Amino acid sequence: MSFLNDVLNIFIKYYPQLLTGVGNTLLIALTSTVAGLALGLLTGVVRTAPMSKNPVLRALHKLLNAIIAIYVEIFRGTPMMVQSLIFYYAIFNLFKRTGMSVTEINRVWSLFISGLVTVSLNSTAYLAEVLRGGILAVDAGQMEAARCLGMSYWRAMRRVVLPQAVRNILPAMCNEFVTIIKETSVLGMVGIVELMFQA
């Protein structure tokens, strides 16, 4: 019982700090998931779009696909701790080379913003593949039926394929949100005040 009393006393004494940490963690996780979903949707649609017959558009599509594939591989293949350190310190030093003071840099590129960008880009890499898989999981006949009704490819994608794809990816998207909540703890390495840092 003395252990539980100690835990309760610690919580009563430090609950404002713990609530601040919970708030920051949830803010980072929610914002990053929404940003990751939006950017992941864009990249997922680009990667599943059919190739154009126009040679210039075809080359541009292949280049964009290659860039997205490299981005996804890098962000999924490196630890988020490394990403957070690179994003904060590398961009901080870029600003410093322009002659800005530390105070001015912190107004533009604060710890919180760098953490939010890091987690958002990491989340985008994972959700891009989840969304691409969700789109590919929708039966090809759905797109063909929509095209037969006179819909353009993009309208059929928006109205027929994406709603079904989103239904397919909901469990994976919830998993990603939970993973982000756990991974925000590595942001404490650069000094971002989230739940683990406060604890």
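What you see is a predicted model, in which local features need pLDDT of at least 70 and side-chain atom pairs count only at pLDDT 80 or more, while totals for chains, interfaces and linings use all residues. Residues are numbered from 1 along each chain as its sequence is written, and side-chain values use heavy atoms, with hydrogens and water left out.

Helices here are DSSP runs (H or I, at least four residues), numbered from the N terminus. Their axes are lines fitted to C-alpha atoms over the stretch in contact, and angles run from 0 to 180 degrees between N-to-C directions.

Contact, meaning heavy atoms within 4.5 Å, involves Gln142, Met143, Ala146 and Arg147 of α6 with residues of α7 including Tyr153, Met157 and Val161.

I turn now to α1, which spans residues 2–48. Its axis and that of α2 (residues 55–77) come within 10 Å and cross at roughly 130°, so this pair is oblique as well. Thr43, Val46 and Arg47 of α1 meet His61, Leu64, Asn65, Ile68 and Ala69 of α2. With α5, α1 packs at an angle of about 40°, the axes being 5 Å apart; that makes α1 oblique to α5.

Which residue pairs with Arg47 in a salt bridge? The partner is Glu129, with the closest N and O atoms 2.8 Å apart. The pair joins distant parts of the chain, Arg47 in α1 and Glu129 in α5 (residues 111–137), 82 residues apart. A salt bridge here requires a side-chain nitrogen of Lys or Arg within 4 Å of a carboxyl oxygen of Asp or Glu, and the whole structure holds two.

Finally, the surface: Leu8, Phe11, Ile12, Tyr15 and Leu19 form a nonpolar patch with about 510 Å² of accessible area together (Shrake-Rupley method, 1.4 Å probe, only the protein chains shown counting as cover). Patch residues have over 30% relative accessible area and no salt bridge, with nonpolar side chains (Val, Leu, Ile, Met, Phe, Trp, Tyr) joined within 5 Å and like charges within 9 Å. Leu19, one of the patch residues, lies in α1.

How values were computed. Helix = DSSP H or I, 4+ residues; strand = E, 2+ residues; numbered from the N terminus. Parallel < 35°, antiparallel > 145°, perpendicular 65-115°, else oblique.
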